[in-house]
Amino acid sequence: MNARIEDYALIGDEQTAALVGKDGSIDWLCLPRFDSGACFARLLGDEDHGHWRIAPKGADTCTRRAYRSDTLVLDTEWETADGTVRVIDLMPQRERAPDVVRIVEGISGRVTVHSALRLRFDYGSIMPWVRRSDGHRVAIAGPDSVWLRSEPAVRTWGEDFGTHSEFTVAEGERVAFVLTWHPSHERRPPLIDPYEALSTSIRDWRRWAGRCRYDGPYRDVVVRSLITLKALTYAPTGGIVAAATTSLPEELEGVRNWDYRYCWLRDSTLTLGALLSAGYHTEAEAWRDWLLRAVAGDPADLQIMYGVAGERRLPEWELPWLPGFAGSAPVRVGNSAVEQLQLDVYGEVMDSLSLARAAGLPTKPHMWSLQRSLMEFLESAWRQPDESLWEVRGGRRQFVHSKVMVWVAADRAVRTLEKYPELHGDLDGWWAMRDEVHREVCDKGFDPERNTFTQYYGSRELDAALLLIPRVGFLPPDDPRVLGTVDAIRADLDHGGLLRRYDTDAVGVDGMPGGEGAFLACSFWLAQALHVTGRGDEARELFERLVGLVNDVGLLAEEYDPDLGCQLGNYPQAFSHIALVNTALTLFGADEAG
């Protein structure tokens, strides 16, 4: 495959999502959930690993494509010698079963269109048995069953272990395909009307986008980011996955390929702030409620990530039959980082729940007792080394950002008790803990010679997460130590004018071979840090450059390679889009929630 990560657009139904290439091929789709096995896995392999392409016969890349304004409905158009044709792709909100709707529409002339469907369940490893039934093609293998139909019916046949269709559309003519999944032991779900699904999807998405309170510069990019966050939400629970994919590489042909189809506590406060600031209180409350359910239990067992319904066991394993995107192997399912200790997540949870309370979200009866339990555990555990928010695999250390977030946990606990004296807790003890953590970080985590905070105690390496120090209130933006840290990070972690997370070449810290691209969320954090430290022009210049990296339909991956000029990492990345929204709110006058 010669595709780039940014060649893909996203469609979804808030329970799973598909990636559609510029050639009209759906190359990634997991059914029925984000973290289910993929039935189309060409993204990480080749055509034999499953895909569904609809395009003019003999055509290659489309002429143009775009989302319908303020929706997740994708239009892809080809201009050919015989005329112009459009493919409309969407996944309507499901009532029972997931559906993929693809409507072929003639714009001018008469164009012959070809559909090639290769279903391969379990990440491209299982070829289904395909039969005909009531005008449908039915594919079954084990627990999975997929039905394909067209309206009107078109010539369809089996060839090369795939299902093919070919037909001609003239101006104003339309042919709709509907692909529906359901458990193979159940009866086929009711049929949907593809054209009604299209109109309903457009109406619902535009109604949702219309709730956005942001009205500043780059509003279209901000709204697209919010729509992307909505698309990455698992509606039944309110959980938001980090990305729709697994194993898209952080370095082409490298081994830094991870499964991001889970929900990270790391993202919680920034996600909540973006949703609240943009006016999406219902979604913010659903995310807060997911968080409360996921972290319930023994505070010592708090994980850094959970499944979309709060599942705790996410074992990591490799898929040797998939060669990986651009030969980047191994392909992994699950994520063993779930077993790591990351003290920063305690601060994230405390900060999120404090923000939710301050924003007026309805409280839950057990919310404060859960927070109190987290603090009681943290009082005895905060001195431990951990693996940091970046999930390093080189062993535990005393990471400075983790300690800063421990301070955040204590600070939010103290502030909550001061504002709500009817709540019960160890105010004096948490106050003392907050002061002790602050002193230790400033003593052991700061390099006075270079005037910068460091990645971990006693190190000379830096960490872009330290840019969040003024945002979380650990020190004010005009503190000389903050100014020095911003300048040092900007210089030492620069990668083509953007930022790396940390130095991957530092001996022993990372624990992985190879490198990675510039981390987009960190680059947005730099823009925010420049703004709050009085360098507004530089902040806006960096923000404009970052906005210029979104692809033609407004999507961002996790990273960007300035040398190769391409996006890297799982896609689309919630963390990148959250950072984009929050940076726009910071730079252009809208106050952050809380």
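This is a predicted model: local features need pLDDT of at least 70, side-chain atom pairs count only at pLDDT 80 or more; totals for chains, interfaces and linings use all residues.
Residues are numbered from 1 along each chain as its sequence is written, and side-chain values use heavy atoms, with hydrogens and water left out.

Back to the pair. Helices here are DSSP runs of H or I with at least four residues, strands are runs of E with at least two, and both are numbered from the N terminus. Helix α4 covers residues 268–278 and α5 covers 281–295; they pack at about 160°, with axes 8 Å apart. The axes are lines fitted to C-alpha atoms over the stretch in contact, and angles run from 0 to 180 degrees between N-to-C directions. That angle makes α4 roughly antiparallel to α5, a label for anything over 145 degrees.

Who touches whom? On α4 we have S268, T271, L272, L275 and L276, and on α5 H281, E283, A284, W287, R288 and L291, with contact meaning heavy atoms within 4.5 Å.

Next, T485, in helix α11 (residues 480–492). Is T485 buried or exposed? T485 counts as buried, because its relative accessibility is 2%; the cut-off is under 20% relative accessible area, with over 50% being exposed and in between partly exposed (1.4 Å probe, protein chains only). Its side chain reaches the backbone oxygen of R481 at 2.7 Å. Leaving out residues up to four places away in sequence, T485 touches N451, T452, F453 and L466.

Now the backbone. Most residues other than glycine have a negative phi, and most peptide bonds are trans. With that in mind, have a look at these spots.

The E151 to P152 peptide bond is cis, omega near -5°, and P152 sits in the loop between β12 (144–151) and β13 (155–159). Another cis bond runs from Y571 to P572, with omega near -20°; P572 is in the loop between β28 (566–568) and α14 (574–587).

For positive phi, E14 is at about 65° and is not a glycine. E14 lies in the loop between β1 (9–12) and β2 (17–20), and at 5% relative accessibility it counts as buried. Y123, in helix α1 (residues 121–124), has phi near 60°. Y123 is buried too, at 4%.

Key. Angles under 35 degrees count as roughly parallel, over 145 as roughly antiparallel, 65 to 115 as roughly perpendicular and the rest as oblique. A polar contact is a pair of N or O atoms within 3.5 Å; within protein, one must be able to donate a hydrogen and the other to accept it, and residues adjacent in sequence count only if both atoms are side-chain atoms.
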